Amino acid sequence: MNRAATLDGALPEHDRSHTHATSSAWKLALPALGVVYGDIGTSPLYTLAECFHGDHAIAANPVNILGVASLVFWALTLTVTIKYLIFILRADNEGEGGILALLALALPRKGQSVPPARSSSAATAASRTKATRVLVLLVLFGAALLYGDGVITPAISVLSAMEGLEVATTALHPAVLPLTLATLIALFLVQRRGTAGIGRVFGPVMLVWFATIGILGAIQLAHDPSPLVAVDPRYAVRFFVSNGLHGFFVLGGVVLAITGAEALYADMGHFGAAPIRRSWFLVVLPSLFLSYFGQGSLLLRHPELAGNPFYALVPPWALYPMVLLATAATVVASQALISGAYSLTQQAVQLGYFPRVTIVHTSKETEGQIYVPEVNTLLLCACVGLVLSFKSSSALAAAYGIAVTGTMAITTITYYFVVTRTWKWPVWRAMPLCTAFLLVDLAFFFATSAKILEGGWFPILLASVVFLVMTTWHTGRRYLATSLADAAFPMDLFLKDLAAHKPIRVKGTAVFMASSADGVPPVLLHYLKHSQTLHEQVVLLTVTGLHVPEAHADERVRAEPLGENFFRVTVRYGFMESPDIPRALTDCTLKGVPLALDRVSYFLGRETLLPSGEARMHPWRKRLFSFIARNAVPATAYFGLPPGRVVELGMQIRL
């Protein structure tokens, strides 16, 4: 895969069409239809119902119906089409998208300095550094908000699909919750098998879904095409004039139509921008417009159906098949968010913002298909708890939207840093565009903020917990690395002492994992102190994360001979990769480093952290960091080390 990037003054275009034939882009359009647009494609199930029947509902009169239809049209146009499809998708980090990939693109590469825009003064440099730190915190909170979206989307999507049974007959009302829970539990249980098998039917299922909702909407428009006039933004303005502040809060329901936009950007790395754009303009956008305007046409003639206008489009004989199709479509939508949560976690771990977790690769052909058991379990428990607590999609909609709108606003801010710092746009060019995007994002965010007490508190609470874990882990690891570096013994003095005293050398290779590429790892000093021996070959191995998706093969492993048969090895991985240390050592031998791979022993330090050191963290955060470190996945599993060859040495470190 060609991940070449250009950083000139013009806005770069990174579509996969630059490296793949046009026919390949067309072939990827169908899979992209399934994976990328599952969330936004199932929004017609509940969007208009929330506007006219939710907590901040308005009367289903002609002015309001046409006004809401206009708002939905322009939300899809401004946010999804213009902001994400035209602009944000161009901000790929060597082919990958998502808010953490965008952050990595905005930050300077290691070893590179970022010159001030107009001044080289210390004050300007300090100001830029402070702005970068604030940006990092903002993006981390935005990433944490996406976990809330990943919990709510499966719950509200499947629940809204099952509620179609109530339209068929009220006698099936008691079955809605059990069937929803059974579907969610089954969905999460099959995650360990991977998404390859299910993924092959994602595209066809969603193609049938979009064709169906488009046809149902077109049938209603054939009876009354008057809602088509809502493409005129004056109907949206008239809506706000008629409803005032109440009309502004209805944006909290309108935003449900665009909740999949951020996931669209995060999934760009799987397909490229060209197939995603083609799927949108040829299939998704026309079908959504027909569905929303078709529901508007129906409500103009039958406003009493505002409680569930989507299923009111369906003829009675087709209700049960439509419920099955909607359930399949919502499973697809849920799968995309669940897989996105796995990828987000992997990126956060590799960038140093999340503790080690179990990452299982479920496909030998596709590296990006992973399964994270810990995240899967937490998402399942949260989804089940949400369904049991809120009991209906209308009630659950109150918790929906605030997470994704917050992330959208943070994405816009980060995009501004990318275009001004990385792409060198002038401020006069970047500011008007990003300001326009941000005004729309903030309008939706503040409108959904009115639903905090009704359920919006849940994604904020979940995001706050995740944000606390991420910042505590990152800060704690930084202070721990500083503590170890301060206590590190200089390598040159160590080698001189080694040459003078000549300890006993035994056959084989010892690999000592080191958090820093400077000095002598404490675990080596600890081992030598107690055993008084060393192996014939000693490797001091450091794993570092990069702000790119994948490290280039020729730059992944760097080996440096230190003397006395010692070697300093640095292995680098991108944020979309999982470490494989045995394979990295094999690469060392291919580069001429004489290692006895059949006799390798790995030595790791198991630190016991004492919260009595000088690190500038509150004692409770030190204890939290210690707790997270104890419960993180052992380094043996995370680095792919053979358990039978690992020796762990206990050490106490004051933090």
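In which helix is the place of L189? L189 sits in helix α8, which covers residues 173-189, where helices (H or I, at least four residues) and strands (E, at least two) are DSSP runs numbered from the N terminus. The model is a predicted one, in which local features need pLDDT of at least 70 and side-chain atom pairs count only at pLDDT 80 or more, while totals for chains, interfaces and linings use all residues. Residues are numbered from 1 along each chain as its sequence is written, and side-chain values use heavy atoms, with hydrogens and water left out.

L189 has a relative accessible area of 46% and is therefore partly exposed; buried means under 20% relative accessible area, exposed over 50%, and partly exposed in between (1.4 Å probe, protein chains only). Together with I185 and V190, L189 makes a nonpolar surface patch of about 210 Å². Such patches are made of residues with over 30% relative accessible area and no salt bridge, like charges being joined within 9 Å and nonpolar side chains (Val, Leu, Ile, Met, Phe, Trp, Tyr) within 5 Å, and the areas come from the Shrake-Rupley method with a 1.4 Å probe, for which, in the case of residues, only the protein chains shown count as cover.

Charged pairs come next. The whole structure holds five salt bridges, each defined as a side-chain nitrogen of Lys or Arg within 4 Å of a carboxyl oxygen of Asp or Glu. One of them joins R234 to D232, with the closest N and O atoms 2.7 Å apart, and R234 is exposed at a relative accessible area of 59%.

Another salt bridge links the side chains of E555 and R572 at 3.3 Å, N to O. Because E555 lies in the loop between β4 (533-545) and β5 (557-563) and R572 in strand β6 (residues 566-573), this pair ties together parts that are 17 residues apart in sequence. E555 is partly exposed at 34%, whereas R572 is buried at 17%.

E577 and R556 also meet in a salt bridge, at 2.7 Å, N to O. E577 lies in the loop between β6 and α24 (581-590) and R556 in the loop between β4 and β5, so the pair ties together parts that are 21 residues apart in sequence. Both E577 and R556 are buried.

Leaving aside residues up to four places away in sequence, T412 touches K83, C434, F437, L438 and D441, where contact means heavy atoms within 4.5 Å.
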